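Open your viewer and get ready to select residues by number. This tour goes stop by stop, telling you what to pick and what you will find there.

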Amino acid sequence: YEFIKKTSPTVGALIEKEYNRQKNNVELIASENYCSEAVLAACGSCLSWKYAEGYPYVRTSGNKGRYYGGTEFVDQLEEYCCDKWREVFKTDYHVNVQPHSGSQANFAGYKALLEPGDTILSLSLDNGGHLTHGSSVNFSGKLYDVHFYDVDEKGYIDMDDVRKKAHDLKPKLIMTGASAYSRIIDFKTFSEIAKEVGAYFMVDMAHIAGLVAAGEHPTPFGYADIVTTTTHKTLRGPRGGLVFGKQEFAKKIDSAVFPYSQGGPLEHIIAGKAVCAEEALKPEFKTYEHQVVVNCAALCDEFLKMGYKVVTGGTDNHVFLLDLSQFSFSGRDLQEACDAVGITLNKNAVPNDKRSPMQTSGVRIGTAPMTTRGFKEEDFRAVARRIDEVVKKLDKEKKEEK
Ligand code: PLP
């Protein structure tokens with residue numbers, strides 16, 4: 001930022017402030033992480049200057065190649081990036097590394113399999129799904145006829161409900177994946193149900209992709225027709241998306257990304273994605289992802305010991321939801337009170353939430369970023385006790401207010 005300040009004091013100073021905020025706060029946002037300096041450097045490299053609309057891999061997808069000259073090196077880079085991601089997930093699926101974000105990846109995934117108006121069976125935002133899984137305010141809810149399966153009374157995805165609704169609806173696509181779900185997702189049973197009703201099966205593994213890569217969560221590869229992800233959450237890479245698909249969908253996936261929904265690929269981000277894939281292939285990455293899960297279990301356990309309610313009663317992955325329904329304050333109140341003491345987390349709806357999405361009765365807590373910064377179980381237990389202090393103070397204040 002010192003360098004940037006020479007050209008723009010305002011931008012440089014804001015980046016400095018944000019850097020210090022990130023450095024000094026305990027970051028518990030489940031969808032964030034700190035990528036390596038190598039990833040950051042690749043993303044800030046000269047590749048940012050290069051246009052390369054199209055694809056390098058004429059051989060695999062039948063695509064026509066690039067629409068620009070001078071792509072010799074970015075061609076090699078993009079092919080290398082694709083190969084590395086296949087290696088990370090031990091898959092022979094086709095992969096498109098161009099989506100600018102997870103939402104773009106999902107847009108392309110749907111486009112490859114569906115026509116507007118087709119029926120999707122999915123997990124709702126309220127129960128842990130993402131906006132792009134069929135929310136009425138998102139393109140997914142507007143373009144497609146989306147119906148939702150439920151979670152059971154404990155908060156687990158209800159596979160009986162998935163089966164029943166799949167048989168009743170006969171959707172063209174069954175979709176799973178989540179932004180706020182703390183348990184293993186049973187991809188095998190999902191794929192069996194999809195087969196029973198003749199539906200396609202798509203998985204958005206954005207949150208758990210790092211765990212999948214490290215063997216800490218079962219893989220969707222081999223089960224799903226299409227798998228999408230972001231690269232910036234548990235994968236700890238640059239902001240961006242990937243779409244994988246069975247080879248029969250390769251051409252459709254590629255044309256859904258470019259030219260249908262994007263223009264020139266961000267080759268600098270693709271370089272960051274390639275560095276991230278190489279990092280994910282190292283033994284240290286497995287150790288990291290394991291620690292993320294162990295830390296999350298410890299943090300969750302500390303809350304449970306103090307008598308808190310947790311959706312599903314625990315966690316199998318990097319995230320869990322504290323259920324605050326019994327308190328006089330909302331998830332938003334706790335988010336703001338935590339902000340004031342340097343703890344960053346986010347409000348989140350809990351299943352059957354009575355409060356509005358802007359208030360919510362829960363908060364979402366994740367361990368991926370602070371594990372990158374070296375936190376171990378005892379550090380996270382201390383964080384739980386600190387949040388408990390904030391809760392007690394907030395509860396007292398709200399009661400006094402009343
Ligand atoms: N899919 C899931 C499960 C997510 O949690 C998110 C973002 O949080 C996305 C997709 C969208 O990613 P992006 O913000 O890159 O569009």
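Helices (H or I, at least four residues) and strands (E, at least two) are DSSP runs, numbered from the N terminus. Residue numbers count from 1 along each chain as its sequence is written. The model is predicted, so to speak of local features a pLDDT of at least 70 is needed, side-chain atom pairs count only at pLDDT 80 or more, and totals for chains, interfaces and linings use all residues.

**Stop 1**

Select Pro 259, which sits in helix α11 (residues 250-261). For context, most peptide bonds are trans.

**Stop 2: the annotated lysine**

Now pick Lys 233, in the loop between β7 (226-230) and β8 (241-245). An unreviewed UniProt entry lists Lys 233 as "modified residue: N6-(pyridoxal phosphate)lysine"; such annotations may be inferred rather than shown by experiment, feature names are shortened, and positions are in the numbering used here. Is Lys 233 buried or exposed? Lys 233 is buried, because 28 other C-beta atoms lie within 10 Å (buried takes 20 or more, exposed 12 or fewer, partly exposed is in between, with C-beta atoms placed from the backbone). Among the residues that Lys 233 touches are Ser 31, Asn 33, His 207 and Ala 368, leaving aside residues up to four places away in sequence (contact means C-beta atoms, placed from the backbone, within 7 Å).

**Stop 3: the sheet**

Show the strands next. Seven of them, 7 strands in the order β2-β8-β7-β6-β5-β3-β4, form an open sheet with mixed pairing (strands pair if DSSP finds at least two bridges between them). At the edges are β2 (94-96) and β4 (145-149), each pairing on one side only. For a close-up, select Val 95 and its bridge partner in β8, Phe 244. Here β2 and β8 run antiparallel, over 3 bridges.

**Stop 4: two positive phi values**

Select Lys 90, in the loop between α5 (72-88) and β2. Its phi is near 45°, positive although Lys 90 is not a glycine. Lys 90 is exposed, because 11 other C-beta atoms lie within 10 Å.

Then go to Thr 360, in the loop between β12 (346-348) and β13 (362-366). Thr 360 also has a positive phi, of about 65°, but Thr 360 counts as buried because it has 26 C-beta neighbours inside 10 Å. Most residues other than glycine have a negative phi.

Key
Two residues are in contact if their C-beta atoms, placed from the backbone, lie within 7 Å.
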